[in-house]
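Here's a quick briefing to read alongside the model. Have the viewer open and follow along.

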Protein chains: 2
Amino acid sequence: MAHPVSPLASPFPALPDIAGVTPRIVRAGYKDWGRCDLTYVELAEGTSVAGVFTRNLCCSSEVELGRANVAFGRARALVVNAGNSNAFTGYRGREAVEQIMDQVAGHLGCERTQVFVSSTGVIGVPLPKDKAREGVARALEAERCNWEEAANTIATTDTFPKGATATAMIGDIEVTISAIIKGSGMIAPDMATMLGYLFTDAAVEPGFLQACLSAANERTFSCITVDSDTSTSDTVLAFATGRAGNAPLASFQSPGAHAFAAAVHDVCRQLAHLVVRDGEGAQKFIAVTVTGAVTDESARKVALAIANSPLVKTAIAGEDANWGRVVMAVGKAGEPADRDRLSIGFGGTWAAREGVPLADYDEAPVAEHLRGQDISIEVDLGLGDGSATVWTCDLTHGYISINADYRS
Amino acid sequence: MAHPVSPLASPFPALPDIAGVTPRIVRAGYKDWGRCDLTYVELAEGTSVAGVFTRNLCCSSEVELGRANVAFGRARALVVNAGNSNAFTGYRGREAVEQIMDQVAGHLGCERTQVFVSSTGVIGVPLPKDKAREGVARALEAERCNWEEAANTIATTDTFPKGATATAMIGDIEVTISAIIKGSGMIAPDMATMLGYLFTDAAVEPGFLQACLSAANERTFSCITVDSDTSTSDTVLAFATGRAGNAPLASFQSPGAHAFAAAVHDVCRQLAHLVVRDGEGAQKFIAVTVTGAVTDESARKVALAIANSPLVKTAIAGEDANWGRVVMAVGKAGEPADRDRLSIGFGGTWAAREGVPLADYDEAPVAEHLRGQDISIEVDLGLGDGSATVWTCDLTHGYISINADYRS
């Protein structure tokens with residue numbers, strides 16, 4: 001955490017322990033740094049798992065193996081390496097992951113498909129097997145840590161540790177989700193991969209856990225962007241130990257299923273926002289809401305085109321209500337749009353309605369809104385009922401300083 | 001031209017006059033500035049026209065009308081307004097364009113579909129009809145100007161005037177192309193729309209002129225990117241007066257047709273490079289060449305993903321041979337790619353081959369290359385025969401300063 005703490009940082013919340021989940025940290029020494037860099041989380045027998053992974057086609061071995069293992073639906077352990085992403089390392093990288101899976105599975109007496117591994121950090125350098133072996137061995141015997149320690153240990157270029165929690169009632173049983181995440185953009189070589197982990201004591205069948213996570217992902221992690229770049233290792237995993245003792249959730253027909261799905265969504269949204277709030281150089285948190293699109297997916301694509309536009313992001317950095325750049329971004333999205341039905345606003349004040357600037361447009365409340373830290377851009381396409389909200393941050397000199405004033 | 005001249009600027013070349021083409025400039029006063037801002041080019045009777053236009057769906061009335069008029073194939077005049085883009089102005093903007101078309105057509109006694117209008121500058125403000133009417137009236141009587149004066153007059157945020165020329169032999173007749181262009185990215189409110197105009201004395205049927213321009217566009221203007229943003233008004237028009245006296249070119253079967261098409265391509269490539277060389281904040285000109293793709297179009301998409309990546313562009317600004325960011329950009333392009341066949345190089349030196357960093361990688365020549373102004377990034381996907389080259393510039397503090405340290 002070499003860079004100053006983001007001005008948009010939130011304090012780490014009080015995260016409850018989750019029955020059946022034991023986090024531990026050690027220093028494997030993947031980099032020459034005086035901090036823990038290996039996180040090990042032991043999970044009770046029978047824990048369900050679900051996962052969503054980067055769509056980047058040049059993904060890491062961790063992602064390939066994780067995606068395959070999620071299909072089996074069960075997990076006993078999670079290992080997160082920080083300081084080396086093990087991406088773009090060919091067969092040697094894959095061997096290092098398989099070694100960790102075998103080592104943990106041997107210790108726990110479980111299938112190796114139940115051991116999940118993530119790595120984040122420099123790319124192109126295979127994860128050193130000896131350091132991994134020794135680190136994992138010590139982690140298996142280490143004392144339990146708290147969630148903030150775990151959040152700090154999975155971090156790389158993050159400027160603050162990130163966690164979120166939520167509860168839900170399943171019948172008369174309260175279940176809890178505690179979750180941590182790391183990521184602040186897509187810096188290489190300290191590739192700021194997004195790695196997120198949800199832990200709950202709810203009893204949930206793997207298929208339904210996957211349904212909840214996938215649905216939440218579509219409206220949260222898939223709706224954030226810092227710089228439009230996509231890591232080769234992005235991963236979010238959800239683990240459900242079942243120790244709360246509720247009747248297992250198997251589908252939306254199960255009592256309490258909707259409440260649980262809402263809690264998953266809530267936690268994912270909190271985590272996603274935290275990543276944006278640690279965007280490189282970010283000074284402002286921006287919500288882009290598109291309504292009136294032909295479909296929700298079309299709305300999401302238009303919102304992402306706006307959120308990824310360097311010209312929109314620099315305009316917000318400059319506190320400039322430049323709706324012309326928003327028009328441009330809408331038009332380039334390639335989705336159905338009609339210039340003469342388009343309305344654009346900032347912070348709830350319309351600047352242009354149905355294709356023309358408002359004659360009585362009062363810029364004062366907009367200027368006031370743009371001087372704040374939490375900015376909203378509203379776009380109505382006037383075509384249908386599709387809507388979406390996407391979150392991003394502004395593009396500032398800080399981004400250039402972090403990413404260009406640097407040698408790998 | 002408020003910003004300092006780009007360090008990548010080229011001097012304006014000696015552009016020959018073209019028989020049947022008479023450029024003139026006047027000051028219409030669209031903005032409160034002491035410079036000419038209306039360019040009028042009169043074209044001989046029988047001039048063929050072809051055009052390519054922005055794909056931005058929120059395009060201006062000028063683009064809508066120009067696209068419709070090109071279908072008729074003939075042109076007698078071009079009017080370019082600088083200082084007001086007339087985009088996002090609804091029916092009032094359209095009326096202003098139609099007024100100019102009628103005024104010029106009435107003077108020349110031609111169809112109004114033969115009058116082409118472009119506008120560039122602030123958006124959301126209808127082009128003032130009175131200023132346009134008076135400016136056009138004076139332009140119709142003004143003295144002929146030279147190409148550099150015309151290039152300066154169509155410019156807005158450009159830091160240097162841009163022109164290119166080429167010749168071709170059609171039988172024993174030499175034909176000439178002179179061309180000007182403006183654009184330096186997509187700055188709003190002085191939206192740095194790309195407007196380019198080619199003028200030739202060759203006799204060319206409209207259909208074949210369109211074929212030449214469209215083909216050249218695919219490999220030139222469609223292969224440049226400054227900031228991934230797409231103007232609402234981008235336009236390139238080609239005019240052929242036929243005054244050279246060659247047998248009209250009607251297809252690639254016509255003698256000399258290939259030489260003419262090559263000259264059009266050459267001029268378009270020169271113009272496209274000049275726009276990149278005036279990219280906002282650009283310190284380095286970057287050529288991204290992708291080979292081994294499954295198709296040429298797939299190669300172009302991968303090359304654009306690399307060229308548009310803020311992380312790749314900031315790495316080059318930082319003179320950092322960060323091939324990991326290139327891997328990431330390849331993977332996010334969504335085109336066929338195989339991590340284990342991927343090779344990446346800079347300035348002709350491979351950093352990684354077939355999915356792994358080179359063990360004997362010598363960074364010295366790469367570091368030397370990256371300290372220069374003309375940078376090349378080579379990517380081989382190892383899958384097929386598709387290839388493409390895309391040109392861009394680096395992403396620097398200058399870009400942020402121009403686009404964020406500013407109020408509209």
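How much area do domain 1 of chain A and domain 2 of chain A bury between them? About 1,400 Å², with 55% of it on carbon and sulfur atoms; buried area here is the accessible area (1.4 Å probe) that two parts lose on being put together, summed over both. Keep in mind that this is a predicted model, where local features need pLDDT of at least 70 and side-chain atom pairs count only at pLDDT 80 or more, while totals for chains, interfaces and linings use all residues. Residues are numbered from 1 along each chain as its sequence is written, chains are lettered from A in the order in which they are written, and side-chain values use heavy atoms, leaving out hydrogens and water.

**Where the two domains of chain A meet**

- Chain A splits into domain 1 (21-277) and domain 2 (285-404), with bounds that come from an automatic or database domain assignment.
- In chain A, 15 residues of domain 1 are in contact (heavy atoms within 4.5 Å) with 18 residues of domain 2.
- On the domain 1 side of chain A, A:R219, A:C223 and A:T225 lose the most area to domain 2, together 35% of what that side buries.
- The rule finds two salt bridges across this interface of chain A, a salt bridge being a side-chain nitrogen of Lys or Arg within 4 Å of a carboxyl oxygen of Asp or Glu.
- A:R219 turns up again here: A:D296 pairs with A:R219 in a salt bridge, with the closest N and O atoms 3.0 Å apart.

**Salt bridges elsewhere**

- Over all chains, the count comes to 42 salt bridges.
- A:K162 and A:D158 form one of them, at 2.6 Å between the closest N and O atoms, and both residues are buried (under 20% relative accessible area, with exposed meaning over 50% and partly exposed in between; 1.4 Å probe, protein chains only).
- In chain B, B:E297 and B:R300 meet in a salt bridge (3.2 Å, N to O); they sit three residues apart, about one turn, in helix α7 (residues 296-308).
- Helices here are DSSP runs (H or I, at least four residues), numbered from the N terminus.
- B:E297 is partly exposed at 34% relative accessibility, whereas B:R300 is buried at 13%.
- One network of salt bridges links A:E64, A:R94, A:E98, A:D102, A:R112, B:R339 and B:D340.

**A covered helix in chain B**

- Seven of the eight residues in helix α8 (residues 310-317) of chain B are buried, including B:L311 and B:V312.
- After α8(B) comes B:E319, which has a positive phi near 55°.

Notes:
Helix = DSSP H or I, 4+ residues; strand = E, 2+ residues; numbered from the N terminus.
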